[in-house]
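Reader: Hi, I have a model open and need a hand reading it. Can we go through it together?
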Amino acid sequence: MVTKVLVSWIGANDIRSTTGEQVGPILSTLRNVPFDSVELLYSYPQEEVKAYLDWLRDQVSIPIHPSKVSLSSPVDFGQIYLAANEHLARITAQNIDLSVLLSPGTPAMQAVWILLGKTRYPCRFYQSSLEKGVEQATIPFDLSAEYIPAAQRLKSSKIHQLSSVTAPVDAAFDHIVTRNPRMQALKSQAQILAEREVPVLIYGETGTGKELFARAIHNASERSSKPFIAVNCGAIPLDLVDSVLFGHKKGAFTGAIANKPGVFQEADGGTLFLDEFGELDHSVQVRLLRVLQEGRFTPVGAHKEEIVDVRLITATHRNLMKSVAEGSFREDLFYRIAIGVLHLPPIRAREGDLLYLADRLLTELGKQDSTLSNKKLSPDAKNIILNHAWRGNVRELQSTLLRSALWCGTDNITAEDMHQAIFQMPEQGSDILSRDLSQGIDIQNIIGELTSNYIRRALELSGHNKTRAAELLGLKNYQTLSNWMEKYDIS
Ligand SMILES: Nc1ncnc2c1ncn2[C@@H]1O[C@H](COP(=O)(O)OP(=O)(O)OP(=O)(O)O)[C@@H](O)[C@H]1O
């Protein structure tokens with residue numbers, strides 16, 4: 001059942017209503033519009049509010065949930081935003097029909113309600129005045145939630161510090177579009193690594209730009225005039241791995257009709273990028289370790305060793321430390337490759353980047369196809385971008401923008417165009433209770449799927465605030481959540 005909830009700040013006119021003739025905007029609204037419960041935020045001292053709440057409870061029969069908010073000033077937009085956003089995120093996690101009463105509170109509080117209610121938390125607005133009584137407020141314009149990252153950056157002073165002390169970013173990194181401080185710091189760190197000869201390990205979900213970073217590192221290094229060879233280790237069948245990596249001699253196996261160099265030979269003098277490195281079989285890891293230690297290897301079917309000079313960049317979406325602990329990844333190999341380590345965050349964790357990236361990617365599309373050069377995103381299309389999960393990260397964003405630009409009839413990409421262009425993944429786990437048991441199932445796996453799904457959703461909803469996410473999941477504390485995240489390999 002959907003619960004109708006009214007949210008409001010407690011204002012001076014409400015507090016005064018306990019003694020005066022006017023009932024105040026909150027009670028007026030509750031008397032005029034039916035709600036199932038009311039959420040009241042306040043920054044007044046507890047004693048002043050207590051009397052009001054006692055009085056209000058005598059007037060209405062629905063549950064009243066007060067929340068004290070510490071504001072250094074009632075007109076501080078940043079603090080008001082953070083408090084209101086956190087509160088709405090929490091209550092909209094339940095299935096509710098949200099209404100916001102605009103009248104009580106300072107103009108800054110009203111402005112923040114409108115920003116949040118027109119973007120992240122669609123709702124009905126009410127206002128109450130002596131002249132007109134209680135009425136639903138129509139706010140006849142669309143807003144794009146681009147301001148949200150700016151407010152969230154208030155919390156990222158540490159990241160700012162980090163990014164401000166780093167080196168200038170080389171032109172090779174210009175293709176990596178970002179204005180997120182954490183990503184900018186990563187670009188600078190990658191540039192430092194580019195100038196050294198150390199192996200680099202890049203962590204990141206699919207489509208986060210691991211190969212883009214690897215190429216930029218190569219291009220900014222002294223090896224830039226030599227080859228950059230990229231290989232997806234996860235896509236090589238096990239019986240071909242040795243041949244793909246180290247090459248083979250004619251006649252080494254059925255089908256080996258000629259000598260063929262492996263990627264190590266092809267990358268000689270340059271950089272070899274081994275993507276999905278964590279998928280490599282244990283036996284291959286042993287041979288790779290030897291190449292890294294000694295720079296030598298033997299092609300399949302050959303009798304003589306070969307020597308190459310290759311810089312290795314590896315990438316994976318797996319937590320390799322965990323694979324080491326479980327015994328599926330060799331510890332000695334891990335310490336060989338994990339010298340310069342870069343963790344690329346998914347785009348949902350790059351505050352300030354989504355719309356910036358979307359605009360830049362759209363401009364790029366326009367450069368490649370002049371019929372798309374005037375396409376622009378409408379504010380409501382931008383809100384859909386901000387609210388989508390983007391599990392495929394930049395790659396998914398790129399292809400969705402292309403589809404929306406191709407399908408939209410005008411130069412204005414609307415919410416409808418965006419909806420049509422986004423691939424709706426089937427609800428993960430929707431069949432989780434009805435898997436076919438006749439062939440046997442892996443119950444541990446299914447429990448893991450379910451748990452990971454809820455943990456990810458709670459993290460997303462809480463803006464990656466672990467304490468809040470733990471609360472949403474009914475876990476004891478943030479440490480318990482961290483343990484579960486580690487267990488289910490959630491970064
Ligand atoms: N910050 C960025 N700015 C511009 N383009 C980006 C950015 N990040 C990724 N891209 C683009 O997104 C696409 C996917 O990036 P890339 O192939 O580097 O991701 P990946 O992490 O290696 O993916 P996978 O693990 O699936 O191979 C590429 O077209 C890349 O150019």
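Author: Let's start with a term. Helices (H or I, at least four residues) and strands (E, at least two) are DSSP runs, numbered from the N terminus. Also keep in mind that this is a predicted model.

Reader: OK. How many helices and strands does the protein chain have?
Author: The protein chain has 21 helices and 15 strands.

Reader: And how confident is the predictor, on average, in the protein chain?
Author: The mean pLDDT is 87. A value of 70 or more is reached by 92% of the residues. For the complex, the predictor gives an ipTM of 0.97 and a pTM of 0.63.

Reader: Where does pLDDT stay under 50?
Author: Over residues 148–167. The model has 28 contacts beyond four places in sequence for that stretch.

Reader: New topic, the ligand. Which residues around it come nearest?
Author: There are 15 residues around the ligand, and Val177, Gly209, Lys210, Glu211 and Val394 come nearest. Two elements give two or more residues to the shell: α9 (210–219) and α17 (393–407).

Reader: What classes of residue are in that shell?
Author: Four are nonpolar, seven polar and four charged.

Reader: Why does the ligand lie between two domains?
Author: Because domain 2 (152–343) and domain 3 (353–421) both give residues to the shell around it.

Reader: You mentioned α17. What is in that helix?
Author: Asn393, for one, lies in helix α17. Its phi is positive, about 55°, although Asn393 is not a glycine.

Reader: Is Asn393 buried or exposed?
Author: Asn393 counts as buried because it has 22 C-beta neighbours inside 10 Å, and the cut-off for buried is 20 or more.

Reader: Which other residue has a positive phi without being a glycine?
Author: Glu276, with a phi of about 50°. Glu276 sits in the loop between β9 (271–275) and α12 (282–294). It has 19 other C-beta atoms within 10 Å, so it is partly exposed.

Reader: Back to α17. What does Ser404 touch?
Author: Ser404 is in helix α17 too. Leaving aside neighbours within four places in sequence, Ser404 is in contact with Ile413, Asp417, Met418 and Ala421. The C-alpha atoms of Ser404 and Ala415 are separated by 9.6 Å, and the two residues are 11 apart along the chain. Ser404 counts as buried because 25 C-beta neighbours lie inside 10 Å.

Reader: What about α16, which residues are buried there?
Author: In helix α16 (residues 379–387), they are Ala381, Lys382, Asn383, Ile384 and Ile385. Their cover includes α15 (354–368), β14 (376–377), β15 (412–413) and α18 (415–421).

Reader: How much of the whole protein chain counts as buried?
Author: Of its 491 residues, 33%.

Reader: And what about the largest nonpolar core?
Author: That core has 41 residues. Ala190, Ile202, Phe213, Ile217, Phe264, Leu272 and Leu342 have the most contacts inside it. Helix α8 (residues 181–195) gives the most to this core, with five residues. Another core lies apart from it, with 28 residues, among them Tyr52, Val112, Trp113 and Cys123.

Reader: Pick Ile217. What does Ile217 touch?
Author: Not counting residues up to four places away in sequence, Ile217 touches Ala190, Leu193, Ala194, Val200 and Ile313.

Reader: Now the start of the chain. Where is Asp36 found?
Author: Asp36 is in the loop between α2 (24–32) and β2 (37–42). It counts as partly exposed because it has 14 C-beta neighbours inside 10 Å. Beyond residues up to four places away in sequence, Asp36 touches Thr3, Lys4, Val5 and Ile62. Asp36 and Pro63 are 27 residues apart in sequence, with 7.4 Å from C-alpha to C-alpha.

Reader: And α2, which residues are buried in it?
Author: Gly24, Pro25, Ile26, Ser28, Thr29 and Leu30. The buried residues of α2 pack against β1 (3–9), α1 (12–16), β2, β4 (96–101), β5 (124–129) and β6 (133–137).

Reader: Last one. What share of the contacts with a separation of 6 or more comes from residues 24 or more positions apart?
Author: In the protein chain, 71%.

How values were computed:
Residues are numbered from 1 along each chain as its sequence is written. This is a predicted model: local features need pLDDT of at least 70, side-chain atom pairs count only at pLDDT 80 or more; totals for chains, interfaces and linings use all residues. A residue is near a molecule or strand if its C-beta atom, placed from the backbone, lies within 6 Å of it. Ala, Val, Leu, Ile, Met, Phe, Trp, Tyr, Cys and Pro count as nonpolar, Asp, Glu, Lys and Arg as charged, and the others, Gly among them, as polar. Domain bounds come from an automatic or database domain assignment. A residue is buried if 20 or more other C-beta atoms lie within 10 Å of its own, exposed if 12 or fewer, and partly exposed in between; C-beta atoms are placed from the backbone. Two residues are in contact if their C-beta atoms, placed from the backbone, lie within 7 Å. A nonpolar core is a set of buried Ala, Val, Leu, Ile, Met, Phe, Trp, Tyr and Cys residues joined through C-beta atoms within 7 Å. pLDDT is the predictor's confidence in each residue, from 0 to 100.
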